[in-house]
Amino acid sequence: MRQKIYQIDAFTSQTFGGNPAAVCILDSWLSPELMQKIAQENNLAETAFAVKKDRQYEIRWFTPEVEVDLCGHATLATAFVLFHFYEFEKNTIQFYSSRSGNLTVNKADNGWLTLDFPTDNLIAIQNIEELDTAIGQAPIKTLKGKTDYMMVYQSQKEIEAIEPNHHLLGKLDVRGVIVTAPGDEVDFVSRFFAPACGIPEDPVTGSAHTSLSPYWAEVLDKTKMTAKQLSQRGGDLVCEYLGERVKISGKAVLYLTGEIDI
């Protein structure tokens, strides 16, 4: 069987920036074991699979190690593929995930794509010694969301200087760790580490901004914010906090199209 595959750089306007994701639009679902093997072979942060059902697309996301509940950049990449290669007349793509519910991506005339995702619920907790040790410096605040820890620092310089111990981070029973601070030129900056999922540092993490947006909306007293993820590749986002939902906007570019034999 030959399957079309696309690789998209998400949350960037330039090839080799943002976060790369592989996308497969399927006629019907493959086995979870086979989808996991494809994701492992791709060796990207995420591989997304989607199947059209009625007027929406069911979607699933796999890292090289595990299936995950939600992935922003791979959803953005999947929408980019659908808009450009399958659903030329549409400006909105409706997705459904059995793990995260209904998700929507809208396309604007200027090329920006906007994710509509559920807001994460954050709880402030005491600093965790093992977490502080793994990251290398204690934050001013630690919070826990549905799948991630979030650590808040005072400055962008601190975020840029973090050199985590990925072995220690991989022992924590969470998907990943977000570190964040006010930005020098944007409202807030972040980085995201998920070695337990096979991703030492994710280039741009859309789903993390469902946690970042409600926190910074309260701190900054504004609902629409600019954000930058400070990975080596870098990523630019615009976030709008709407209470139970968060809109996360960014651009995407095509890197390759091809076929795989499975």
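Me: In E11, which residue is the bridge partner of Thr142?
Reply: This is a predicted model, in which local features need pLDDT of at least 70 and side-chain atom pairs count only at pLDDT 80 or more, while totals for chains, interfaces and linings use all residues. Residues are numbered from 1 along each chain as its sequence is written, and side-chain values use heavy atoms, without hydrogens and water. Strands E10 (residues 141–144) and E11 (residues 148–152) run antiparallel and are joined by four bridges. Within E11, Thr142 has as its bridge partner Met151.

Me: How many residues lie between E10 and E11 in their hairpin?
Reply: Strands here are DSSP runs (E, at least two residues), and two of them pair if DSSP finds at least two bridges between them. E10 also pairs antiparallel with strand E9 (residues 123–125) over three bridges, where Ala124 stands opposite Leu143. On the E11 side, the number of residues between the two strands of the hairpin is three.

Me: Which residue in the hairpin of E15 and E16 takes a positive phi?
Reply: Strand E15 (residues 224–229) and strand E16 (residues 235–241) are antiparallel, paired over six bridges. Thr226 has Val238 of E16 as its bridge partner. Five residues separate the strands of this hairpin, and a positive phi near 75° is found at Gly234.

Me: How far apart do the C-alpha centres of domain 1 and domain 2 lie?
Reply: An automatic or database domain assignment supplies the bounds: domain 1 covers 2–117 + 249–261, and domain 2 covers 123–241. To their contact (heavy atoms within 4.5 Å), domain 1 gives 24 residues and domain 2 gives 18. The separation of the two C-alpha centres is 23 Å.

Me: What area do domain 1 and domain 2 bury between them?
Reply: Buried area is the accessible area (1.4 Å probe) lost by two parts on being put together, summed over both. Of the area for this pair, 56% is on carbon and sulfur atoms. The total is about 1400 Å².

Me: Which residue meets the side chain of Asp9 in a salt bridge?
Reply: A salt bridge places a side-chain nitrogen of Lys or Arg within 4 Å of a carboxyl oxygen of Asp or Glu. The rule finds one across the interface of domain 1 and domain 2. With an N to O distance of 3.2 Å, the partner of Asp9 is Arg233.

Me: Which helix gives two or more residues to the side of domain 1 that touches domain 2?
Reply: Helices are DSSP runs (H or I, at least four residues). Among the elements that give two or more residues to this side are strands E1 (2–10), E2 (19–26) and E17 (245–250). The helix listed with them, spanning 72–85, is H2.
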